[in-house]
Amino acid sequence: MEANIKINYLVLVVLYNLKPKDSDTIKSLVNASKYLINSKLIVWDNSTVKLDSIDIPWLNDNFKTFQYIHTPENTPLSKLYNTVIGSHQGATYSHLILFDHDTKFGPDYFIALNKAISLITDTYLYLPIVTSDGQIVSPADLYYFKGYNWKHKTTGLIRTKHKTAINSGMAIRSEEH
């Protein structure tokens, strides 16, 4: 089913003891910035030390709308995810994208995501194929407590039973869209 929806992202990147300029994820987002029009970047910094005053203008130069949050106590991911979701209730973002600070990707990530969102209107979760050393590491099959890497790339609608995935690169549709 094809949709004509406005796609705009709320992108969350969690940093830990790393400057934004040194984050593979933030560098990837800068390189894909044309796909982030009308989107917002949240940099949640779990580092022990807050960013220098030089780093904030760099983020401002590279992202139209961003927010910087520093929690030196290293807030658990579940808590910071729920905080971001709760503080953006009713906002106009169509999807929340979660990233760790060390995820590398090209503009093809957003090309594929935008295409999937436009084609399938009743899906709430989009997962990228994540590889490491040429092997697919996420998503994977999970039976009981044993995980099995996929041997072949599979795309499209996939049943979630017996599946697992890492969070980085995950896109979650807002209930309002």
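These legends go with several close-up views of a predicted model.

**View 1**
Three strands make an open sheet here, in the order S9-S8-S10, and their pairing is antiparallel. Strand S9 (146–149) and strand S10 (163–164) each have a single partner strand, so they stand at the edges with one side left without a neighbour in the sheet. As background, strands of a sheet pair through backbone hydrogen bonds, in either a parallel or an antiparallel way. Strand S8 (residues 140–143) is joined to S10 by two bridges, in the antiparallel sense. To find one of the contacts between these strands, look for Ala140, whose bridge partner in S10 is Thr164.

**View 1. Strand S4 and its two partners.**
Is strand S4 mostly enclosed or mostly open to the outside? Five of its six residues are buried, so S4 is largely enclosed by the rest of the structure. Strand S1 (residues 9–15) pairs with S4 in the parallel sense, over six bridges. Here you can pick out Val14, which stands opposite Asp100 in S4. Strand S11 (residues 170–173) runs antiparallel to S4, and four bridges join the two. His95 has Arg173 as its bridge partner in S11.

**View 2. His88, a buried residue in a loop.**
Between helix H3 (77–87) and S4 there is a loop, and His88 lies in it. Is His88 buried or exposed? With a relative accessible area of 15%, His88 is buried, because the cut-off for that word is under 20%. Which residues does His88 touch, leaving aside those up to four places away in sequence? The list is Leu10, Lys40, Ile42, Gln67 and Tyr93.

Searching the whole structure turns up eight aromatic pairs. In one of them, Phe99 and Phe105, the ring centres are 4.9 Å apart and the planes meet at 10°, so this pair is stacked. Phe105 also pairs with Tyr109: these ring centres are 5.3 Å apart and the planes are at 50°, so the pair is tilted. How accessible are these residues? Phe99 is buried at 1% relative accessibility, Phe105 is buried at 16%, and Tyr109 is buried at 12%. Now step back to take in the group: Tyr9, Tyr35, Phe99, Phe105, Tyr109 and Phe110 form one aromatic cluster.

**View 3. The largest pocket and its lining.**
A handy idea for this view is that rolling a probe the size of a water molecule over the atoms shows where empty space is left. The largest pocket has a volume of about 1200 Å³. Its lining is made of 40 residues, and those nearest the centre are Tyr126, Leu127, Pro128, Ile129 and Thr155. Two or more lining residues come from each of these elements: strand S4 (95–100), helix H4 (108–119), strand S5 (125–126), strand S6 (130–132) and S10. Which element gives the largest share of the lining? That is H4, with seven residues. By residue type, the lining of the largest pocket divides into 21 nonpolar, 11 polar and eight charged residues.

Note on methods: Residues are numbered from 1 along each chain as its sequence is written. This is a predicted model: local features need pLDDT of at least 70, side-chain atom pairs count only at pLDDT 80 or more; totals for chains, interfaces and linings use all residues. Side-chain values use heavy atoms; hydrogens and water are left out. Two strands pair if DSSP finds at least two bridges between them. On a 1 Å grid over the protein atoms alone, a cavity is a set of points where a 1.4 Å probe fits but cannot get out, and a pocket is an open set with protein on both sides within 12 Å along at least five of seven lines; lining residues have an atom within 4 Å of a point. Grid points are joined across faces, edges and corners, and a volume is the space filled by probe spheres set on the points. Ala, Val, Leu, Ile, Met, Phe, Trp, Tyr, Cys and Pro count as nonpolar, Asp, Glu, Lys and Arg as charged, and the others, Gly among them, as polar. Buried means under 20% relative accessible area, exposed over 50%, partly exposed in between (1.4 Å probe, protein chains only). Contact means heavy atoms within 4.5 Å. Rings of Phe, Tyr and Trp (its six-membered ring) pair if their centres lie within 6.5 Å; planes under 30 degrees apart count as stacked, over 60 as edge-to-face and the rest as tilted.
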